[in-house]
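Below are my notes on the model, with the structure shown first. The points follow after it.

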Amino acid sequence: MRRRIVELVIVCFWASQAVLHAQEFKVLGRTVQVHGFVSQGFIYTNDNNWLTMNTSQGSAAFTDFGLNMSSHLTDKLLVGAQVYDRNLGQLGQYHPSLDWAVVDCRLKSWFGVRGGKVKTTLGLYNDTQDLDFLRPFALLPQSVYPTDVRDATIAHLGGDIYGTISLKHHLGDFSYTAYVGHRSDSIYSGFAYLASQFDVYYSSYGGLQYGGDLRWNTPLKGLLIGASRIDQDLTGKAKFISPYNPAGGFVPYSDNSRADWANQFYGEYIAGKLRIDSEYRRFLHSDVVNGGILYTSDDVRAWYVSGAYRVAKRLVIGSYYSRYVITTAAGGPLAALFPAQTDTSLPANHVYDKVITGRVDLNRFWNVKVEGHFMDGYGDSLYPDGFYPQQNSQGFKPNTNALVVKTSFNF
Amino acid sequence: MGGAPVKENAVRWLTALLLAAGLLSPVSASAFATDVKVIANASVKADIISAPELRRIFLQQSSSLDNGTRVEPVIEKDGLVHKAFVQEYLGRTQEDLQTYYRALVFTGRGSMPKVLGSDAEVVSYVAATRGAIGYVSSDSDTTVDGVKTLLVIPAGNTAERKLVRSVEPKYPEMLQRLGIGGTVRLALTVAPKGNVENVALLGGNPILAESAIVAVKQWIYTVGRTRSTLEVSVPFDPRR
């Protein structure tokens, strides 16, 4: 562990010198920009293991990095791509993925088109959720942005239309995005990992994804409000061992969503060094397994309120309160295995997280964050919410305190 | 015999001293410290730019002016001029702007603008780069071939009232000779017919303001349905 930290420090020092020189180069007369980031975290929890790590022992299995290249082929046409990789406990496992690869044509300020693998606009932070160096917090509010299921909403293979429209009479401006595409989850994502506790092993999970976002930069300076919607039609292919015939070995498994949507409403206010934001997300997912042997339904309501203040040029402090509740229901012949959960006061059906954080910017490229989480509840095991039975075989305790230390470097 | 020139010189220096004292008063000092002017490569087909248009360009929401001219924003790395520009025209702190650009870069929605270290570097880059648009301190030397200063019309109902005729303000000879410049900020009341009915001084050197007010009163805007109030910034560059 100590060796790893020393190595990271050396790499950051070396890289911060190197990147001052080599962030762009020319190809056929066009400037190509190169940017990247790397982050390393450490989490210690007092009780439950969290985020698929053995955090009660202290875990540094919390690494991610990305590297991108982009170039303006014309003043209106941007092309680029980014590779992303992460290892978060049992998730990611250092299997790199194409994070985004876009051709973006902005014809007017009010109309542009982008296509390829495109980051999905959903709320304030969905498309930047991997980029913790943009924020004061080491972890976004997990109620609205669960890092273990980032694959679910992070990008789509398809296209967007977008633009910004200035309103007359000093009414600010509207930005819109509408998109349609295909979502494809990594088999190293939270959904797949959650299912493995039931001896279900996915080979693919994904499907149609479409939605939109509308945000209003209001005439009140610094105030933005907006709303997003996402709809999905998903199919999962897997193999599983039937609980009624374990000797039969693996048999084919599939699930299809009957409904999968989320509505998100948000507001952000920035006044000088103060930033306040808040979001509410309602997420509903129901699906049918193997043509009808099981129907499940998860209904998540989540919100947070967050504030941060830059107390000095290199120091930001912040805090948020994040609240997540879930209810579940099941039907079909196997429903008895999954009793309905409707009492959100039970720790199994909620996570309330109080967070304080401090961020120190060591230089323009490198920061360190120290964050405390004080959580009440551990969520429900039928939906990925940070706490998994695989790491908590002794059973869950109702409260969890976590210390998160994270450093990230970008250029 | 030699008394008249000595007296003239004494008056000139006294005037300069008083002007300097005026500039160093608390209110003027802050205005002076944060005065910026927007410059562009000579290829940019505009002499005037609205603050919202400027904002769209620097936030990469548009790569061309409303008249179709392609532009490329260039920013300064840090410093008072950068801070003043970012706060006044983009409504952000320097850190927020950095975060904004990084979010674009790491989501495939934009690229880092050209970042330069000083006014002089910005001026020479703008001079040499077709479509470049940047900002420098109002007292920077921009009398360079290929560089022009754009008049910025701050946020207002400019969408309804376009400036159709402008008159250059006359630079007070003595201030120009003494190298005293700056930006005068004015609030205009524009009549429905398009003429400037009233002018109020919002900030800047009072002597330069007199000249600016005389010029601005001759400006003509497009016809509107109602009376409009606009803010304009008039730059005075002693080296032009």
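1. Buried residues (under 20% relative accessible area, with exposed over 50% and partly exposed in between; 1.4 Å probe, protein chains only) make up 52% of the 240 residues in chain B. This is a predicted model, in which local features need pLDDT of at least 70, side-chain atom pairs count only at pLDDT 80 or more, and totals for chains, interfaces and linings use all residues. Residues are numbered from 1 along each chain as its sequence is written, chains are lettered from A in the order in which they are written, and side-chain values use heavy atoms, without hydrogens and water.

2. Chain B has 8 helices and 11 strands, taken as DSSP runs (helices H or I, at least four residues; strands E, at least two) numbered from the N terminus.

3. The contact (heavy atoms within 4.5 Å) takes 30 residues from chain B and 40 residues from chain A. Arg102(B), Phe106(B) and Arg109(B) supply 27% of the area that chain B buries against chain A, more than any other three residues; buried area is the accessible area (1.4 Å probe) that two parts lose on being put together, summed over both. Between the two chains this area is about 2,900 Å², with 49% from carbon and sulfur atoms.

4. There are 2 salt bridges between chain B and chain A (side-chain nitrogen of Lys or Arg within 4 Å of a carboxyl oxygen of Asp or Glu). In one of these, Arg109(B) meets Asp127(A) at 2.5 Å, N to O. Helix H3 (51-58) and helix H5 (94-107) of chain B each supply at least two residues of the side that touches chain A, and H5(B) gives the most, with 9 residues.
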